[in-house]
Amino acid sequence: MAAAKEAAEALVPKFKFERLLNQDQAGRRSSLYGTIDSQPALLILERAPFPTSVDYFAAAPLNLRTLKNLGANDIYAWYMANSGQIDHPDSDDFADLKINLIYPCTEKHVKKYSKQGVRFVTETPAIYRDHIRPYMQVQRDAGRLNWVYNIIEGKKEVEDVIVRTPYQEDPEEGYLLLPDLNWDRKTLEALHLLAVVERRDIWSLRDLRKKHIPWLRHMRAKVLEATIGAYPSIETDQLKLYVHYQPTYYHFHIHVVHVQLEAGATQATGKAVSLESIIETLEVMGGDDEAGMEMVSLSYTLGEASDLWVGIFEPLKRTGYTVSQPQ
């Protein structure tokens with residue numbers, strides 16, 4: 001494990017900057033494109049919450065002084081870093097950068113982190129059936145979930161898992177709770193965790209049916225209990241649970257965030273759907289236990305460089321199909 005961390009930490013200093021892809025979150029995060037050993041790489045620099053140390057504010061942060069790997073899985077690695085000149089034995093206390101590294105990155109990664117226009121689209125049940133579901137299948141068949149399965153099966157990020165049910169003991173009830181890669185793992189008011197379920201039959205919220213209501217309620221209770229158990233200073237009504245649609249990867253997972261976490265794009269309308277809303281929608285839905293979220297229209301935002309816009313919604317729009325409903 002130590003060797004893996006050392007190898008991950010050795011990558012960042014080798015990054016050769018080529019161009020700035022984007023700056024967002026009021027300039028606190030920058031996406032850089034470059035190379036490592038002649039292979040494409042993305043380096044995402046993000047400002048961590050500023051510490052309150054007088055020594056820190058007295059120094060002028062000019063360059064990366066220390067680097068600590070928080071974890072690595074497949075092509076993803078994340079770090080905390082100190083960009084200043086402070087020579088202090090507790091260097092972690094002065095970490096002012098949260099760094100995510102994707103190496104080697106793909107053209108899809110570059111598109112995701114590049115500045116681009118945004119569209120608001122409505123995915124009808126027909127569009128989901130005829131276009132989106134086949135797209136999901138292609139992504140899964142291409143091995144895009146291998147890094148997720150590595151975590152579930154205990155092959156990667158073992159030391160990062162906060163709570164885990166024994167693997168394969170109860171595939172339907174099994175899950176694990178771990179930090180989201182964008183959390184610095186120290187600032188509780190910015191807490192962001194992921195609850196990743198073990199079962200593989202639910203790809204997204206579209207697969208949820210009325211028969212899953214008891215399971216969703218049970219998962220909600222277990223995830224809240226586990227989070228409060230791990231962070232006793234947090235209370236239940238200080239947590240929000242939601243899922244993304246479209247999600248980054250097609251394996252069902254629940255986001256757990258502190259209510260004071262700044263509501264950026266990941267929590268915005270057109271991206272985040274509260275777990276409570278999903279449960280309530282299923283409860284009032286007509287039909288038998290097989291009726292589910294595949295029967296409703298869902299509206300969300302898409303980047304103009306995304307596969308879904310370029311390959312599905314833009315061509316539909318060119319044919320005269322209305323891809324967005326009035327808001």
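User: Taking helices (H or I, at least four residues) and strands (E, at least two) as DSSP runs numbered from the N terminus, where is aspartate 180 found?
Analyst: The model is predicted: local features need pLDDT of at least 70 and side-chain atom pairs count only at pLDDT 80 or more, while totals for chains, interfaces and linings use all residues. Residues are numbered from 1 along each chain as its sequence is written, and side-chain values use heavy atoms, with hydrogens and water left out. Aspartate 180 is in the loop between strand E9 (175-179) and strand E10 (192-197).

User: Is aspartate 180 buried or exposed?
Analyst: Buried means under 20% relative accessible area, exposed over 50% and partly exposed in between, for a 1.4 Å probe and protein chains only. Aspartate 180 has 7% relative accessibility, so the residue counts as buried.

User: Which residues does aspartate 180 touch, not counting those up to four places away in sequence?
Analyst: Contact means heavy atoms within 4.5 Å. With that cut-off, the partners of aspartate 180 beyond four places in sequence are His192, Leu193, Leu194 and His255.

User: How much space lies in the largest cavity?
Analyst: On a 1 Å grid over the protein atoms alone, a cavity is a set of points where a 1.4 Å probe fits but cannot get out; lining residues have an atom within 4 Å of a point. Grid points are joined across faces, edges and corners, and a volume is the space filled by probe spheres set on the points. Two cavities of 30 Å³ or more are counted, and the lining of the largest includes Trp203, His244 and Phe252. The space in this largest cavity is about 50 Å³.

User: Which strands each supply at least two residues of the lining of the second largest cavity?
Analyst: The second largest cavity has a volume of about 40 Å³, and among its lining residues are Tyr175, Leu176, Val196 and Val197. At least two lining residues come from each of E9 and E10.

User: What is the volume of the second largest pocket?
Analyst: A pocket is an open set of grid points with protein on both sides within 12 Å along at least five of seven lines. The second largest pocket has 20 lining residues, with Ala4, Ala72, Asn73, Asp74 and Lys156 nearest its centre. Its volume is about 330 Å³.

User: Why does the pair of tryptophan 183 and tyrosine 231 count as edge-to-face?
Analyst: Rings of Phe, Tyr and Trp (its six-membered ring) pair if their centres lie within 6.5 Å; planes under 30 degrees apart count as stacked, over 60 as edge-to-face and the rest as tilted. The structure holds seven aromatic pairs. In this one the ring centres of tryptophan 183 and tyrosine 231 are 5.8 Å apart, and the pair is edge-to-face because the planes are at 80 degrees.

User: How many residues apart in sequence are the parts that the pair of tyrosine 245 and tyrosine 300 ties together?
Analyst: The rings of tyrosine 245 and tyrosine 300 have centres 5.4 Å apart. Tyrosine 245 is in the loop between E11 and strand E12 (253-258) and tyrosine 300 in strand E14 (residues 298-303), so the pair ties together parts whose separation in sequence is 55 residues.
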